[in-house]
Amino acid sequence: MTTRERIIEEALRLFAERGYSATSVAEIEAAAGLSPGAGGLYRHFKSKYEVLAAVINEHAARTRVQVAESLAELGYMETSTDLEARLSRVCRAGLAKVREESELTRVFFRDLSQFPELVAIVREGLLQPMFDAITSWFRAQPEYRDAEVDWNGISTVLGGSVVHYRLFQETVGESPGRTEKDRFVDAWVRLAVGLLPSPAPVS
């Protein structure tokens, strides 16, 4: 890991634990293995804000790559796996991604309201790609080909429930409705299966 990468990783951890304003440049330097207060951070970034912006931008870039890879991987399952197993995989992948971003989530809710330009990056670089991926995935499944539904609206509901499940755990300390993960996934799959087009009535 390069020094720049260590600075970004440790800065995110400290911002999540203490808050952006309460974290000093010297503390970031010390956590990254640099001499605190010696200015090592400034060899890579102009300011603490630039470190925060780098955190957001790099997570957004990583998310775009992960979404593309996940869609490709899930696409390989189409012919070899039944629909409910595929749906479960999609839901669990979403839960894992939101959990992966738990530190960034804490920074987002605590600090980013003062930086609307960074909020926009989170929205367009992390959140929207997840919703777009759900829409793309459903539209690509042969079982849903004839379903007459608003896929953008559906992805908002199904994707939003995945995000909410993890955010609730982060903020409240337990699962919403005290529903453990496997039960949540089973319910999510059942709702998604309910979107299948009804068979034509026999005349």
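**Exercise 1. Find what share of the chain's residues is buried.**

Solution. Start with the cut-offs: buried means under 20% relative accessible area, exposed over 50%, and partly exposed in between, with a 1.4 Å probe and protein chains only. Of the 203 residues in the chain, 41% are buried. This is a predicted model, in which local features need pLDDT of at least 70 and side-chain atom pairs count only at pLDDT 80 or more, while totals for chains, interfaces and linings use all residues. Residues are numbered from 1 along each chain as its sequence is written, and side-chain values use heavy atoms, with hydrogens and water left out.

**Exercise 2. Describe the overall build of the chain: its helices, strands and span.**

Solution. Helices (H or I, at least four residues) and strands (E, at least two) are DSSP runs, numbered from the N terminus. The chain has 8 helices and 0 strands. Its pattern along the sequence is α-α-α-α-α-α-α-α. Next, take the span. The C-alpha trace covers about 80 × 35 × 30 Å along its principal axes. Now turn to contacts, meaning heavy atoms within 4.5 Å. Among those in the chain with a separation of 6 or more, 68% join residues 24 or more positions apart.

**Exercise 3. Check the length of helix α7, then sort its faces.**

Solution. The expected span is 1.5 Å times one less than the number of residues. Now list its buried residues: Trp151, Ile154, Ser155, Leu158, Gly159, Val162, Val163, Tyr165 and Arg166. Down the axis of α7, they fall within an arc of 150 degrees, so they line one face of the helix. That arc uses the directions from the helix axis to the C-beta atoms. An α-helix has 3.6 residues a turn, so residues three or four places apart point the same way. The cover over the buried residues of α7 includes α4, α6 and α8 (181–193). Exposed Val157 and Thr171 sit on the face turned away from the buried side.

**Exercise 4. Inspect what lies at the start of α7 and what follows this helix.**

Solution. At the start, a side-chain oxygen of Asp150 comes within 3.2 Å of the backbone nitrogen of Asn152. After α7 comes Gly173, with a positive phi near 95 degrees. In the loop between α7 and α8 is Arg178. Arg178 is not glycine, yet its phi is positive, near 55 degrees. Arg178 counts as exposed because its relative accessibility is 66%.

**Exercise 5. Decide whether Lys97 is buried or exposed, and list its contacts.**

Solution. Lys97 belongs to helix α4 (residues 83–100). Its relative accessibility is 11%, so Lys97 counts as buried. Leaving aside neighbours within four places in sequence, Lys97 is in contact with Thr63, Gln66 and Met130.

Key: Polar contact = N/O pair within 3.5 Å; in protein donor to acceptor, adjacent residues only side chain to side chain.
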